[in-house]
Amino acid sequence: MANRATKIVAQLMGEDVDPSQLTVVPTAGKSSITVTDNRNGTSKEYEIKDGSVVAQQFWTDSKIRLYDPGYMNTVNCTSRICYIDGPKGILLYRGIPIEQLAMKSTFLEVSYLCIYGNLPSKKQLNYFSNRVMKHTYVHEDIKGMMKSFRYNSHPMGMLVSTVAAVSTLHPEANPALAGQNVYDDKRLRNKQMHRIIGSMPTMAAYAYRHRIGRPYVDPGDGLGYAENFLYMLDKLNQKDYKPHPTLVRAMDILFTLHADHELNCSTAAMRHLASSGVDVYTCVAGATGALYGPKHGGANEAVLRMLEEIGSVENIPDFVEGVKKKTRRLMGFGHRVYKNYDPRAKIIRGIAEDVFSVLGKEPLIEVAVALEAHALKDPYFKKRNLYPNVDFFSGLIYKAMGFPTDFFPVLFAIPRTVGWLSHWNEFLDDKENRIVRPRQKYLGETSHDYTELAARTEVPSDLQSYSTSESKRRGAI
Ligand SMILES: CC(C)(COP(=O)(O)OP(=O)(O)OC[C@H]1O[C@@H](n2cnc3c(N)ncnc32)[C@H](O)[C@@H]1OP(=O)(O)O)[C@@H](O)C(=O)NCCC(=O)NCCS
């Protein structure tokens, strides 16, 4: 314990502090640690509350900053929405295990739970569902705007831009225009949340149909949330078209599993943007942008590309060797928080069977199962606690359901919107919230004088960029 604590606070890196000069000892019987600064022999006791100490004190008392790239050990808010026990593989929304919610609840109930803190009564659920479903209709200008995207635009690119554009339609809900306290009005706040949850599937469906040149379909009548989404994706000429109930349920459970995951990269981005006071649509656009990355929401897309590249079971050993040599990465494995089997991955394996029973087996599932078994036995993965995460099997379900690979992150963004908004809502009510402004450790020059252009000697740099042949032709002299 002493070693661990010493290590943690040995990372308190001040500009001129040698970490070996700091020692930390847990104070016997107390909920505190005592830090001795060996530069001057002073000792200071710090209270440990909820497993953490207030970092600002180290600056105030000793002019020491905490160096933490990737926020590996930084707590930047308190939250009551989502709890993860990484080593044990436990995920709770508002205290309720994800397994129970996935099996017993609907995505809209779970959305209510995440935002408002409890499962809704029938009356509350009705009200909430009506509000959300009403907002599945989007402004006609949004349709017009989406039509102007290039035919092959990535759907996440379309979603990021479109959700940001929605802010321009609601100046009354924009702190920059309507006053910085505009979100103190909870009804106004709710309206934006209901609108965003309602309209994300519609914008996503339009992005999908845009790519394949089909006319956009208005939301259906009397349909559930996931059902309406599939309806808007797939309706053609059938008057009373309804998606298959097994697929609707699978989609609804997948939405539930993706609704929140505490301070993942995109939710941290959501809070980061919210802290500047920018409108909620821009916050969601920023969070969607963070989700687009292959290390986050793009991971299931990357898993599928990886499985396609491996192609068949006999190629697995070679691929895994490449991973161990670090020339490759086993996508869909490993997690910043889970150091055990991701509980969502277990549920998703079950849903895969349901989907395959309707649509037929996705052939790559065999490669995935064999790859998982191979990796779980290998000491490289065991030693690093690398287990399948939520993305390992979800891509296969999406593929079996006929979604194009680059649409996968969109299927993640729709439900995660609920998590983003829950955190946004919580952030706004948090008396301790501050604008997010980390510190850097400056390692650059501090003593350069300006040199006139004529007097400069060239310093080698990474300036060169690519030119197309066409550009070279145009520029040829
Ligand atoms: C999710 C992820 C970014 C977490 O990264 P992290 O917490 O920063 O973990 P690190 O990158 O420090 O990994 C620790 C060690 O495990 C290795 N590792 C982590 N994930 C790995 C993976 N998917 N394949 C191979 N090795 C992996 C690292 O190379 C590192 O090895 P080292 O100790 O020899 O240097 C990472 O596991 C990853 O890239 N996974 C694949 C992408 C993915 O599935 N993302 C979806 C997450 S839901």
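Two strands are taken to pair if DSSP finds at least two bridges between them, and helices (H or I, at least four residues) and strands (E, at least two) are DSSP runs, numbered from the N terminus. The structure is a predicted model, in which local features need pLDDT of at least 70 and side-chain atom pairs count only at pLDDT 80 or more, while totals for chains, interfaces and linings use all residues. Residues are numbered from 1 along each chain as its sequence is written.

Another antiparallel pair consists of strand 3 (residues 32-37) and strand 4 (residues 42-47), which are joined by six bridges. Valine 35 has lysine 44 in strand 4 as its bridge partner. Strand 3 and strand 4 form a hairpin with four residues between them, and glycine 41 in the turn has a positive phi of about 75°.

Turning to the helices, axes are lines fitted to C-alpha atoms, for helices over the stretch in contact, and angles run from 0 to 180 degrees between N-to-C directions. Helix 5 (residues 122-134) packs with helix 9 (residues 186-211) at an angle of about 60°, the axes being 7 Å apart. That angle makes helix 5 oblique to helix 9, because angles under 35 degrees count as roughly parallel, over 145 as roughly antiparallel, 65 to 115 as roughly perpendicular and the rest as oblique. Residues count as in contact if their C-beta atoms, placed from the backbone, lie within 7 Å; on this basis Arg131, Val132, Met133 and Lys134 of helix 5 meet His194, Ile197 and Gly198 of helix 9. By class, this contact has three nonpolar, two polar and two charged residues, where Ala, Val, Leu, Ile, Met, Phe, Trp, Tyr, Cys and Pro count as nonpolar, Asp, Glu, Lys and Arg as charged, and the others, Gly among them, as polar.

Helix 20 (residues 408-429) packs with helix 7 (residues 155-166) at an angle of about 35°, with the axes 8 Å apart. Pro155, Met156 and Leu159 in helix 7 meet Pro409, Val410 and Ala413 in helix 20, and the residues of this contact divide into six nonpolar, no polar and no charged. Helix 20 also packs with helix 12 (residues 265-274), at an angle of about 40° and with the axes 9 Å apart. The contact of helix 12 with helix 20 has five nonpolar, four polar and two charged residues.

Of the 16 residues around the ligand, Ala299, Leu330, Gly334, Arg336 and Arg384 come nearest, and the shell divides into seven nonpolar, four polar and five charged residues.

Technical notes. Near = placed C-beta within 6 Å. Contact = placed C-beta atoms within 7 Å.
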